[in-house]
Amino acid sequence: MSDEGGSHVYREQDPTGSDADNARVSIAKRPEIEPYAVTSGLPGGGQGQKVRRFWSGRRIPAALTAAVLLGLAGLFLYDIASVRADRKAMQWRVTLANELATRHLDDVWIILGASVAAALGLWLLVLALTPGERGVLPMARSGTAGVRAGLDRRAAELVLRDRAMEVSGVRWARVDVGRRKIKARATSHFRELEEVRDDLTAALGEAVRQLGLARSPQLSIHLQRAEKKG
């Protein structure tokens with residue numbers, strides 16, 4: 001179906017066709033690209049079994065927090081033990097106690113210290129409640145006793161990029177893999193763009209299925225004509 005100016009063309013989905021054939025295509029005329037830029041996408045993104053994401057160990061934040069708390073606790077314990085042994089308290093603790101006793105709650109330094117403490121506490125809460133490991137994509141497993149596996153996001157991008165470069169007519173390709181969407185951009189220097197787009201959509205769609213991800217991301221492909229040198 002096309003509009004009056006012929007600037008956009010959409011291919012309707014055929015319920016009896018394959019995923020590659022049912023890909024929705026938009027062909028838009030752009031002055032800086034000759035003759036067309038083609039964008040397509042596979043339906044059914046996000047389908048698959050629900051799996052929990054991998055949780056990061058947060059070793060560095062945990063180690064830093066433990067080291068700071070251990071150091072402060074040891075320092076206070078040493079000073080309290082010294083006072084109990086009839087020795088003078090450390091000057092820094094006397095000064096800190098006097099400042100806290102004499103400064104008002106609306107003092108700038110009190111507000112600044114409270115803000116820093118609240119920000120650090122919020123940061124620790126976020127680290128504790130979020131899984132992290134955004135660079136690992138959960139893979140599907142068979143049965144409840146199956147081994148949990150994850151695929152590195154950069155490795156998936158390299159695999160899909162290599163598969164895209166194998167398509168005849170593709171000169172350059174880049175693939176960005178997310179948890180919900182895969183964006184592929186490519187340029188073609190020969191063959192009709194629609195033919196290259198069809199082969200690219202089929203190749204990347206099959207490659208995504210072969211990755212064995214727990215949830216199949218939505219695939220979006222943008223193909224344009226390569227600029228002529230000279």
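Residues are numbered from 1 along each chain as its sequence is written, and side-chain values use heavy atoms, without hydrogens and water. Because the model is predicted, local features need pLDDT of at least 70 and side-chain atom pairs count only at pLDDT 80 or more, while totals for chains, interfaces and linings use all residues.

View 1. Val170 sits in strand β6, residues 170-177. Strands here are DSSP runs of E with at least two residues, and helices are runs of H or I with at least four; both are numbered from the N terminus. Val170 counts as buried because its relative accessibility is 7%. Buried means under 20% relative accessible area, exposed over 50%, and partly exposed in between (1.4 Å probe, protein chains only). Leaving aside residues up to four places away in sequence, Val170 touches Ala164, Met165, Ala186, Thr187, His189, Val196 and Leu200. A contact means heavy atoms within 4.5 Å.

View 2. Strand β6 pairs with strand β7 (residues 181-188) in the antiparallel sense, over seven bridges. Two strands pair if DSSP finds at least two bridges between them. Three residues separate β6 and β7 in a hairpin. Val175 has Ala184 of β7 as its bridge partner. Strand β7 also pairs with strand β9 (residues 218-225), in the parallel sense and over eight bridges. There, Thr187 has Gln224 of β9 as its bridge partner.

**View 3. The aromatic pair Phe76 and Trp92.** One aromatic pair turns up in a search of the whole structure. Phe76 and Trp92 form this edge-to-face pair, at 5.3 Å centre to centre and 75° between the planes. Rings of Phe, Tyr and Trp (its six-membered ring) pair if their centres lie within 6.5 Å; planes under 30 degrees apart count as stacked, over 60 as edge-to-face and the rest as tilted. Phe76 lies in helix α1 (residues 59-84) and Trp92 in helix α2 (residues 91-102), so the pair ties together parts 16 residues apart in sequence. Phe76 is partly exposed, at 33% relative accessibility. Trp92 is partly exposed too, at 32%.

View 4. Helix α3 covers residues 108-129, 22 residues in number. The expected span is 1.5 Å times one less than the number of residues. At the start of α3, a side-chain oxygen of Asp107 comes to within 2.9 Å of the backbone nitrogen of Trp109.

Terms used. Polar contact = N/O pair within 3.5 Å; in protein donor to acceptor, adjacent residues only side chain to side chain.
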